[in-house]
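Let's take a walk through this model, from the overall fold down to a few individual residues. Keep the 3D view open as you read.

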Amino acid sequence: MKIAEVRELPEGTQLRTTRKEPVTLTGFVRSCVIVRHVDGATQEYRAASLHRVADMHPFVTRERAGLTGHTVTVERANRAAARLWAGIVSNWEALIGARAVVERQDGRLTKVCAVAGADGVGDEELEAAAQCIAGTYGARYAPAGS
């Protein structure tokens with residue numbers, strides 16, 4: 001990718017290196033891109049060493065078109081959603097780009113219920129957690145892409 005293309009991406013975008021390592025976009029310094037590895041370590045890369053990854057999960061926004069009624073979805077945590085976990089996770093910025101369980105009413109954000117990496121919820125359990133939360137709240141689980 002070119003640096004101008006990467007600069008247009010939102011913080012938390014999922015990328016991969018030329019070695020096929022998954023990383024998360026965290027920022028920029030000079031002409032380099034700063035990314036976070038799965039283990040939490042940050043590193044600088046040249047933009048040409050990074051590639052976009054297809055991601056079905058949108059970022060958390062105040063409103064999401066196409067959702068009606070009481071729903072629970074899985075979305076990517078933006079900075080505001082990650083900051084909600086500052087009292088639980090000391091390095092809450094590491095949660096930016098992580099998948100999150102989100103409750104919505106007619107597409108409007110009601111609550112961020114869980115974020116992978118916070119409060120003992122792992123990325124592997126997040127879809128199941130979303131389905132359980134939907135059942136508990138009497139909501140409909142809306143899987144990614146719906």
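**From fold to residues**

The chain has three helices and nine strands, where helices (H or I, at least four residues) and strands (E, at least two) are DSSP runs, numbered from the N terminus. Reading from the N terminus, the order of elements is α-β-β-β-β-β-β-α-β-β-α-β. The radius of gyration is 16 Å, close to the 15 Å that the globule rule gives for 146 residues, so the chain is as compact as a globular protein of that length. That radius is taken over C-alpha atoms, and the rule is 2.2 Å times the number of residues to the power 0.38.

Before going further, a word on the ground rules. This is a predicted model, in which local features need pLDDT of at least 70 and side-chain atom pairs count only at pLDDT 80 or more, while totals for chains, interfaces and linings use all residues. Residues are numbered from 1 along each chain as its sequence is written, and side-chain values use heavy atoms, with hydrogens and water left out.

Along the principal axes, the C-alpha atoms fill a box of roughly 50 × 30 × 25 Å. Of the 146 residues, 42% count as buried; buried means under 20% relative accessible area, exposed over 50%, and partly exposed in between (1.4 Å probe, protein chains only). As for contacts (heavy atoms within 4.5 Å), take those between residues at least 6 apart in sequence: 50% of them join residues at least 24 apart.

Now zoom in on strand E6 (70-76). Thr71 sits in this strand and is buried, with a relative accessible area of 0%. Leaving out residues up to four places away in sequence, Thr71 touches Val102, Glu103, Arg104, Ala139 and Arg140. In the loop between strand E5 (50-52) and strand E6 you'll find Arg64. Is Arg64 buried or exposed? It counts as buried, at 16% relative accessibility. The Arg64 side chain makes a polar contact with the side chain of Glu75 (3.0 Å). A polar contact here is a pair of N or O atoms within 3.5 Å; within protein, one must be able to donate a hydrogen and the other to accept it, and residues adjacent in sequence count only if both atoms are side-chain atoms.

Finally, some backbone angles. Most residues other than glycine have a negative phi. Arg30, however, has a positive phi, near 50°. Arg30 lies in the loop between strand E2 (22-29) and strand E3 (32-37) and counts as exposed, at 62% relative accessibility. Asp106 also has a positive phi near 50°. Its place is the loop between strand E7 (99-105) and strand E8 (108-115), and at 38% relative accessibility Asp106 counts as partly exposed.
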